[in-house]
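Reader: Before we look at the model, could I ask you to take me through how helix packing and strand pairing are read from coordinates?

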Amino acid sequence: MQEKTKAKGNLKISYEVVSSIVEYSIKDLGELVSLEPVSVKSNLVSLIEKQSIKPVSVEIKDGVAKVNVRLLIGEDVNIRAFAKKLQSVVKESIQNMTGIVVSDVNICVAGLLQ
């Protein structure tokens, strides 16, 4: 959780809020994409039991955020151009809405939508 100190108190912004900002930013781009948890098998728990990786993860350290986004993208979308645009929009949205500096927005295209 990120804390900002103001003259009259503190402001705390949860990781979930920052993740929501990322999700809204993606929807606003209007491209065919889907944020879905990615299923993985965990050898520690069981080979049968599945866990899911969240599509958006945020790490904030010393007031600087690193964002990881896993998504499925339409097969007709230019991945490189979309990723650059998404990185820019996500970074600007988080910084404008929260004041948290964003150092990295990592995009992982986990699959194609048909």
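Reader: At what angle do helix H1 and helix H2 pack?

Author: Axes are lines fitted to C-alpha atoms, for helices over the stretch in contact, and angles run from 0 to 180 degrees between N-to-C directions. In this predicted model, where local features need pLDDT of at least 70, side-chain atom pairs count only at pLDDT 80 or more and totals for chains, interfaces and linings use all residues, H1 (residues 15-29) and H2 (residues 79-98) pack at about 135°, with axes 9 Å apart. That makes H1 oblique to H2, since angles under 35 degrees count as roughly parallel, over 145 as roughly antiparallel, 65 to 115 as roughly perpendicular and the rest as oblique. Residues are numbered from 1 along each chain as its sequence is written, and side-chain values use heavy atoms, leaving out hydrogens and water.

Reader: Which residues of H1 and H2 make the contact?

Author: Contact means heavy atoms within 4.5 Å; among the residues involved are Val18, Ile21 and Val22 of H1, and Phe82, Leu86 and Val89 of H2.

Reader: In what sense do S6 and S7 pair?

Author: Two strands pair if DSSP finds at least two bridges between them; S6 and S7 (residues 64-74) pair in the antiparallel sense over 6 bridges, and Ala65 in S7 is the bridge partner of Ile60. The two strands form a hairpin with 2 residues between them, and Asp62 in the turn has a positive phi of about 55°.

Notes:
Helix = DSSP H or I, 4+ residues; strand = E, 2+ residues; numbered from the N terminus.
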